[in-house]
Amino acid sequence: MQRRQLVQGLFAGGTLAALGGCASMGGAPSSAKVVVVGGGYGGATAARYVRLFSDRSIDVVLVEPNRSFVSCPISNLVVGGARQLGDITVPYDGLRTQGVTVVHDTVASFDLAGKKVRLAGGPEIRYDKLVLSPGVDMMFDGVEGLRQAQADGMVLQAWKAGPETVALHRQLVAMPDGGVYAITIPEAPYRCPPGPYERASVVAAYLKAHKPKSKVLILDANPDVTSKGPLFKKAWTELYGSMVEYRAQHKAVAVDAKAKTIKFDVQDDVKADVLNVLPPMRAGMIAVQSGLANANARWCQVNYQTFESTAAKDVYVLGDAIQIAPAMPKSGHMANGHAKVAAAAIVAELKGWDTNATPMLTNTCYSFVSPAEVIHVASVHEYVAAEKTFKIVAGSGGVSAARSTQEANYAHSWARNIWADMLG
Ligand SMILES: Cc1cc2nc3c(=O)[nH]c(=O)nc-3n(C[C@H](O)[C@H](O)[C@H](O)COP(=O)(O)OP(=O)(O)OC[C@H]3O[C@@H](n4cnc5c(N)ncnc54)[C@H](O)[C@@H]3O)c2cc1C
């Protein structure tokens, strides 16, 4: 048997761990103190901060299929043609410099009792603490016809930044002047409350500049704009006039990709040239499949003091995948904060230190209402031990007084700073 075949056989059988020790074959060690699943806003931050808080004394393995991190924040500017995908792409090299072992693979399953993760590529990695930040899974079956329409590239979401972000921009470029772009928004909670309204705004900016006879339809399952409503509505009226139309209480239930039509539970069908249909969302697939999504089989319930799962000991869930505390948005900024609280709790437990009894979180979400002008919402959240949840600190945060170019500078700085904070 050739050596290559032997190695493949070992990987296929998942017997690498049985070889013992921390032998690194195919880039995946057989064990680590902390294994992090998902290298996005939550996971990358957790990997880096376990290293930092432990003074680089705790082994961390990060498993992430993508070769580079691509940011959802700022990705709407790529949809609108004001930025390129390269502008929102960051390599994982900084994490490697911090001593994190980055394995480019997908976690296929967990053995929660045996404390092991199994990679799609074959090997298993044993852990003492597992961190899970897999983001969201699109519930395509919540909108009839959408799974096939998306597989055919006809109806896109671009709600995970990457090639689909560019593909959606190309659909806008191909749309005739006088065409209609329609975005549907699922009932909250979903990833990034202001994100769909930001997208509609920057698409309108693109159309105003390149195809001024066109229209942007925002078809919202919610009773009103879910974030920064008055600021968005003012911007739509003042910047785009009748080009942008907002319709509340429009819950998409089916798409007909050939007829380019969206059907709603109550309202009349809508025909559009570019259909950007966002289905309901839930925790990333691996969380649902492994039984960790124990809130309505949709989101992962955690102990908010540490972000440890209520379904499994020594498993910590972060970011969009969790069942949120009151007024906690599913945002990258929040995921970054969850990760720091969890990393501190994990390092404290592994070192025998006290766990922080009153963690705090902050959130700022900037939204582009055009490529040049931005609005924000901010909040501070404190852990209230008596109620075992996070609550907004009274009097904290708020929204912009008005949209401004100054806040566009802040938004780009926010992005550069958080990418550096996550990825080193
Ligand atoms: C258009 C848009 C605009 C946004 N704008 C903002 C903004 O301005 N500010 C803000 O704070 N937030 C914003 N967000 C929200 C933000 O992107 C998310 O809240 C954030 O990405 C959540 O972080 P996460 O770690 O939960 O998930 P992600 O960042 O999506 O990371 C999940 C990672 O897990 C990996 N993964 C999944 N399954 C597996 C598996 N089985 N094995 C290994 N890896 C796996 C994925 O490849 C992915 O890299 C925006 C979102 C969108 C879509």
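Predicted model: local features only at pLDDT ≥ 70, side-chain atom pairs only at ≥ 80, totals over all residues.
The domain assignment of the chain gives domain 1 as 3-137 + 282-355, and domain 2 as 140-279. If you look for the C-alpha centres of these two domains, you will find them 31 Å apart. Where the domains meet, 21 residues of domain 1 are in contact with 21 residues of domain 2.

The size of an interface is often given as the accessible area lost when the parts come together. For domain 1 and domain 2 that buried area is about 1,600 Å², and 64% of it is on carbon and sulfur atoms. On the side of domain 1, the residues that lose the most area to domain 2 are Asn76, Val79 and Lys330, which together account for 37% of what that side buries.

What about polar and charged pairs across this boundary? Between the two domains there are seven residue pairs in polar contact, counting pairs with both residues at pLDDT 80 or more, and helix H3 (75-79) and strand S9 (136-138) each supply at least two residues of the side of domain 1 that touches domain 2. The largest share of that side, five residues, comes from H3, and by class the side has 11 nonpolar, six polar and four charged residues.

The count of salt bridges between domain 1 and domain 2 is one. Asp320 and Arg191 form a salt bridge in which the closest N and O atoms are 2.5 Å apart.

In the case of Arg191, an N or O atom of the side chain is 2.7 Å from an oxygen atom of the ligand. Gly42 uses its backbone instead, with an N or O atom there lying 2.8 Å from a ligand oxygen atom, and a polar backbone atom of Val107 is 2.9 Å from a nitrogen atom of the ligand.

Stepping back to the whole structure, a search finds 23 salt bridges, and one of them joins the side chains of Arg48 and Asp421, at 3.9 Å from N to O. Because Arg48 lies in helix H2 (residues 41-53) and Asp421 in helix H11 (residues 405-423), this pair ties together parts that are 373 residues apart in sequence.

I will finish with two details of the backbone. The peptide bond from Ala188 to Pro189 is cis, with omega near 5 degrees, and Pro189 is found in the loop between strand S10 (180-185) and helix H7 (195-210). Ala297, for its part, is a residue other than glycine with a positive phi, near 55 degrees, and you will find Ala297 in the loop between helix H9 (285-289) and strand S18 (302-303).

Methods
Residues numbered from 1 in each chain as written. Heavy atoms only, no water. Domains from an automatic or database assignment. Contact = heavy atoms within 4.5 Å. Buried area = accessible area lost by both parts, 1.4 Å probe. Salt bridge = Lys/Arg side-chain N within 4 Å of Asp/Glu carboxyl O. Polar contact = N/O pair within 3.5 Å; in protein donor to acceptor, adjacent residues only side chain to side chain. Helix = DSSP H or I, 4+ residues; strand = E, 2+ residues; numbered from the N terminus. Nonpolar A, V, L, I, M, F, W, Y, C, P; charged D, E, K, R; others polar.
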